[in-house]
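Subject: Structure for you to look at

Hello,

I am passing on the structure we spoke about. Please open it first; my notes on one part of it follow below.

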Amino acid sequence: RLKPCWHKRFTVWLHIRFSRTPTTLDFMALSASASAPDLRRKGSGSGSTGLKNAGTAALGASSSSANLTTTLYLQMKGQNKFREGFAHIPPAGRSINVPLADSVERDLQPETYFPLPSTPSNERKYRALSHGPGEITVHHGLKDQQLPSEDFRYGVRGMKGATTEQALKAGMLLGVAAYRNEVAEAVYESRKKEPLGTAYKRGHTLKMLPEGFGNSSGIPEDGKKVIFPVEMPRDTEEVRQLYRFTHNNFNPGERIQRNYNFPPETKESTFRFGKGEGFVQEGVGAKAVLNMDLEDDGTYKKTRLVQKSVEDYRNVQHPKVFLKCHAKQGAEGPPIDPNHRFGKVSSVSDYTAGSCIQGYYSLEEQLPDQDLGRCVKPGRRNVTTETRAFGVPSVRTDIPAPPPGKRSCADTMSYGDECSAAALMNPQRFDNRGVPDREFLVRRPKEELRSLVQACNVSGLDFEALWDECMQLFDDGLPLVSLDALLYKHTHRIEERVATLHSGAGPGLAAYTAVT
């Protein structure tokens, strides 16, 4: 059994082992055992105060004592922040470990001043990031695996016995023994019908034709025609009627014929189903509908004498249409103030629906965090005096964009010249033919524009007159006209013809038809 002071010795050994190189003073302090008189506590069988003083003296001599830790209990006791009434009774519980040189910087950066211990070597292979640079990632069960040699074979080595040839020749009979065995086996029915190495003999005497058994398949037929025979004759009307009765197989648009046997009166054009009312005076039907006092037969409702309590109950329990329901709280309603309103009064709040949707954060709360997009840890920040943006932009406006006609389909780079979502949802008129709208605005010479008009094959177009009118739209005097201007003047002429035709002041439709 270990002595009670073993854990204190181990703590002192850890401080010396991981803080600095042990010196002669360390070994001298650790060489003193609990049996020494100066290291034993009075009235106890284990050393406590002496061993603690020896360890403190050894640690105080170290030059790196600023990186050591202590407990909160010992720190407060050394600062005389409390008075210990019973010094011979050790404190209960476990105190918190705190560094000797405690500071705010060390508390905010524990990964720098108090790094976590490394993973033990015997447990490192079970971690997900246990492989080093250039090491092949394998299952942790294959790490440190002792593989057998190349000449190793699994399984149990069998004893060498009889070979396969000897096993096959074990029951082989020759000569007289084979003949006697054949005679003895011939009495069995299975030997007669199922001899070894031949087919089953049923005793039939068959004479096979030269063509073989069965009937020939005939001329091969296409499988498509077998599944969907298009050359089959159409069903007769009688067969179609049977399919309509059994499978409801109607032709497209065919009406359902119920084969009713109506009397001859039903074939008249004025026949209507239902019971006729005879001669009806005009307006009497609407009058009967609007008069609530009349019965269906035209007589007035009979007056019936009933009990008043029954009638009151009927009016209360079954109110008339469009009238409010009775509250059943007395003849004048519940005894409350007429200005009384049921429910809970709504409280007045500073937060409205608009503020909840738009938000009511201050400017400081809306600013991004301090560590957004940059590192705030010391020693890991890239400080520069340049004001430019580092990296490659998402939209490459810094380099010339290749022409759209020569751009590769695999080029996913954005050069800032792509069309917007509105252009994709509402494309240009002739975008499907590769002609953008800007081509209509380009001013062209007379012969080029004439070739475009002739290619369109527009009848009744006076190109020379339209050219002179379009030249007046431009003030520069250059012999260049756009296709858009030509279409504008041609549309204006058509509108004038239509207006003259509808007004009746022109020569009429025949004159325009003759011109075109």
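The buried residues of α18 are covered by elements that include β3 (443-444), α17, β4 (481-482) and α19. Keep in mind that this is a predicted model. The residues of α18 that are buried are Phe463, Ala465, Leu466, Trp467 and Cys470.

One of the covering elements is α17. Helix α17 spans residues 446-456 and helix α18 spans residues 463-471; the two pack with their axes 12 Å apart and at an angle of about 130°.

As for the residues involved, α17 brings Lys446, Leu449, Arg450 and Val453, which meet Phe463, Glu464 and Trp467 of α18. Sorted by class, this contact holds 4 nonpolar and 3 charged residues, and no polar ones.

Some of these side chains also belong to the largest nonpolar core, among them Leu449, Val453, Phe463 and Trp467. Two or more residues each come from α17, α18 and α19 (483-503). The largest share, 4 residues, is from α18.

Regards

Definitions and conventions:
Residues are numbered from 1 along each chain as its sequence is written. This is a predicted model: local features need pLDDT of at least 70, side-chain atom pairs count only at pLDDT 80 or more; totals for chains, interfaces and linings use all residues. Side-chain values use heavy atoms; hydrogens and water are left out. Axes are lines fitted to C-alpha atoms, for helices over the stretch in contact, and angles run from 0 to 180 degrees between N-to-C directions. Contact means heavy atoms within 4.5 Å. Ala, Val, Leu, Ile, Met, Phe, Trp, Tyr, Cys and Pro count as nonpolar, Asp, Glu, Lys and Arg as charged, and the others, Gly among them, as polar. A nonpolar core is a set of buried Ala, Val, Leu, Ile, Met, Phe, Trp, Tyr and Cys residues joined through side-chain atoms within 4.5 Å. Buried means under 20% relative accessible area, exposed over 50%, partly exposed in between (1.4 Å probe, protein chains only).
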